[in-house]
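Visitor: Could you walk me through this model, beginning with the overall picture and then going into the details?

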Amino acid sequence: MPRVQGNGVRVHYESAGAGAPVVCLVHGTGGTGGVWTRQLEGLADVAHVVAPDLPGHGQSGGAPRASIRECVAFVAGFLDALSVRHVVLGGHSMGGAVAQEFALTYPERVDGLILVGTGARLRVLPRLLELLATDYPEGVSLLMRMAVSPTAPTALRASLDHAMAANPEGVVLGDLRACDAFDVMTRIDTIRAPTLAICGEEDRLTPPKYSRFFGERIAGSRVVVVPGSGHYVQVEQSEATTAALREFAQSCCRR
Ligand code: COA
C-alpha cells in the first residue's frame with residue numbers, strides 16, 4: 001500500500017491503474033480506503049484510482065478531522081501531494097459529503113463527481129449519537145444494523161461489522177457529528193460537474209430519496225438505485241456499483 005505525506009500527515013492509500021482520468025474515492029464514517037477494493041480492481045484498466053485512509057482512520061496518521069470542510073482540506077492536500085490537479089472525485093456517505101463540499105470549493109478541479117450512498121444533508125439519529133457517546137459498542141452495533149441490508153450474506157455483514165468495530169473509540173462518533181453538521185441542500189444546484197449518484201434501494205442511513213434529490217438539483221446528473229443493497233452499495237452489490245462507476249469514469253475523460 002503506497003504512502004505519501006499530505007498536510008503534514010502520513011497518508012496510506014490504495015492505488016490501482018495509471019494515467020487519466022484520476023479517480024479519487026473517499027470512504028465514509030469509520031472506514032478506510034479498503035472499502036473500495038472491488039472498484040479499484042474493476043476500474044484499473046480505464047483509470048488511475050486512488051483511495052486514501054482519512055487522517056486517524058486505517059493506517060493514516062494524524063487525528064480525525066472534526067468537520068467535512070477539514071476533510072476537504074485534507075483531500076486537497078493529498079491530491080496536491082500526488083501532483084493531481086484534475087480529478088473524478090467520489091465518496092461514500094461521509095466521504096460523499098466531502099466530495100460535494102470539495103466540488104463546491106474547487107469546481108475547477110473536478111471533472112466528475114460520484115456520490116455513493118450519501119446526501120446533501122446528513123442528519124444523524126439523535127439516539128445513535130447518544131448511544132455512541134455512552135455505550136460505544138452498542139452504538140456501533142446499532143449503526144451497523146441500520147447500515148447493512150438484512151438480506152446481505154452473513155460473512156459480508158460480519159466483515160463490515162468487524163471493520164467498523166476496529167475503530168478506536170470516538171472515531172465513529174466524531175465522523176457522525178461531522179455528518180450531522182453537514183448541509184449543502186441550498187447550494188448543491190450550483191454544481192456543474194458531471195455527476196453520478198448511486199445508492200442501495202434498502203439504504204436506511206441515506207435513503208434513495210437523498211440520491212433522487214441530487215438528480216433533481218444537479219443539472220444532467222444520473223441516479224442509479226441498486227436493488228438488494230443497504231448503505232454499503234459498493235460492497236453489498238459491488239458488481240453493479242463498479243459497472244456504473246466504470247462507465248461514468250470513462251465518460252469523464254478530459255478531451
Ligand atoms: N436529501 C433530500 N431530502 C432530505 C435530505 C437529503 N439529504 N435530508 C433530509 N431530507 C428531507 C427529509 O426526508 C425530510 O423530508 P420530509 O419533511 O418530507 O419528511 C426533511 O428533509 C427534513 O429531514 P431532516 O433534516 O433529516 O430532519 P428530521 O427531523 O425530519 O429527521 C432524522 C432527522 C435524524 C430522524 C433523519 O434525518 C433520519 O432518519 N436520518 C437517517 C438516519 C441517520 O442517522 N443517518 C446517518 C447519516 S450519515
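**Overall fold and local details**

Guide: In this predicted model, residues 24 or more positions apart account for 75% of the contacts in the chain with a separation of 6 or more, where contact means heavy atoms within 4.5 Å. Residues are numbered from 1 along each chain as its sequence is written, and side-chain values use heavy atoms, with hydrogens and water left out. Because the model is predicted, local features need pLDDT of at least 70 and side-chain atom pairs count only at pLDDT 80 or more, while totals for chains, interfaces and linings use all residues.

Visitor: How many helices and strands are in the chain?

Guide: The chain has 10 helices and eight strands, taken as DSSP runs numbered from the N terminus (helices H or I, at least four residues; strands E, at least two). The radius of gyration is 16 Å, close to the 18 Å that the globule rule gives for 255 residues, so the chain is as compact as a globular protein of that length; the radius is taken over C-alpha atoms, and the rule is 2.2 Å times the number of residues to the power 0.38.

Visitor: What share of the residues is buried?

Guide: Buried residues make up 56% of the 255 residues, with buried meaning under 20% relative accessible area, exposed over 50%, and partly exposed in between (1.4 Å probe, protein chains only).

Visitor: Why is S6 described as largely enclosed?

Guide: Seven of the seven residues of strand S6 (residues 110-116) are buried, so the strand is largely enclosed by the rest of the structure. The chain reaches S6 from S5 through helix H3 (residues 94-105), in a β-α-β crossover that is right-handed, which means that, with the strands pointing away from the viewer, the path from the first strand over the helix to the second runs clockwise.

Visitor: And which strands pair with S6?

Guide: Strand S5 (residues 87-92) runs parallel to S6 and is joined to it by six bridges, while four bridges join S6 to strand S7 (residues 195-200), again in parallel; two strands pair if DSSP finds at least two bridges between them. Ile 114 in S6 stands opposite Gly 90, and Ile 114 also stands opposite Leu 196 in S7.

Visitor: Where is Ser 93, and is it buried or exposed?

Guide: Ser 93 lies in the loop between S5 and H3, has a positive phi of about 55° although it is not a glycine, and counts as buried at 10% relative accessibility. Ser 83, in the loop between helix H2 (68-81) and S5, has a positive phi of about 60° but counts as exposed at 67% relative accessibility.

Visitor: Last one: which helices does H5 pack against?

Guide: The buried residues of helix H5 (residues 136-147), among them Tyr 136, Leu 143 and Met 146, pack against helix H4 (126-134), helix H6 (154-165), helix H7 (171-180) and helix H9 (233-236).

Technical notes. Expected span 1.5 Å × (residues − 1).
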